[in-house]
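Please take a look at the model below. This report describes its ligand site, its pocket and its aromatic pairs.

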Amino acid sequence: MGIGLVGCHSAPALTPQEAAGKHLYQVRCAHCHEDNDLALKKVPPDLHGVFARKTLPSGAPATDAAVRQNVLAGKGMMPGFTGRFTEEQMAALLAYLHTGLR
Ligand code: HEC
């Protein structure tokens, strides 16, 4: 698929785990978080660099545990993904979010 070769000029290529997370993000998260395709009144926050700040948009600490919990349980208009991701997939998703979304 050319992942790691496209779209990043200076950053190093994604690891296989990050690339797997990128795929999950693009399939499961980006339609809301980048396109807001459901036209939610509460616009899903931009997740670029989400771990570069101390807090998540809600004010919760920007930790793996908090993001994992948010993804599994959902929040407000965001659906919960309990049972949709294996542990391996969740780890990949978090690894990709840690790249700042390259
Ligand atoms: C149906 C649209 C939708 C989908 C799909 C979705 N989200 Fe969200 N997400 C939202 C909305 C809306 C919020 C804001 C929730 C709030 O604060 O009320 C949000 C908030 C968040 C936050 C910030 C939480 C906080 O505490 O500030 C994170 C992180 C997040 N989403 C990650 C993800 C990830 C990762 C995925 C894919 C696995 C995903 N979301 C899929 C709509 C969505």
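The text moves from the ligand to the pocket and then to the rings.

The model is predicted; local features need pLDDT of at least 70, side-chain atom pairs count only at pLDDT 80 or more, and totals for chains, interfaces and linings use all residues. Residues are numbered from 1 along each chain as its sequence is written, and side-chain values use heavy atoms, with hydrogens and water left out.

**Ligand**

The shell around the ligand holds 24 residues. A residue counts as near if one of its heavy atoms lies within 4 Å of the molecule. C29, C32, H33, S58 and M78 come nearest. By type, the shell has 16 nonpolar, five polar and three charged residues. Here Ala, Val, Leu, Ile, Met, Phe, Trp, Tyr, Cys and Pro are nonpolar, Asp, Glu, Lys and Arg are charged, and the others, Gly among them, are polar.

**Pocket**

The ligand sits in the largest pocket; that is, more than half of its atoms lie within 2 Å of the pocket's grid points. A pocket is an open set of points on a 1 Å grid over the protein atoms alone, where a 1.4 Å probe fits, with protein on both sides within 12 Å along at least five of seven lines; lining residues have an atom within 4 Å of a point. This pocket holds about 720 Å³ of space. Its lining counts 29 residues, with H33, P45, N70, K75 and M78 closest to its centre. The lining divides into 21 nonpolar, five polar and three charged residues.

**Aromatic pairs**

There are two aromatic pairs. In one, the ring centres of Y25 and Y96 are 5.8 Å apart and the planes meet at 55°, so the pair is tilted. Rings pair if their centres lie within 6.5 Å; planes under 30 degrees apart are stacked, over 60 edge-to-face, and the rest tilted.

Key. Points joined across faces, edges and corners; volume = space filled by probe spheres on them. Phe/Tyr/Trp six-rings, centres within 6.5 Å; stacked < 30°, edge-to-face > 60°.
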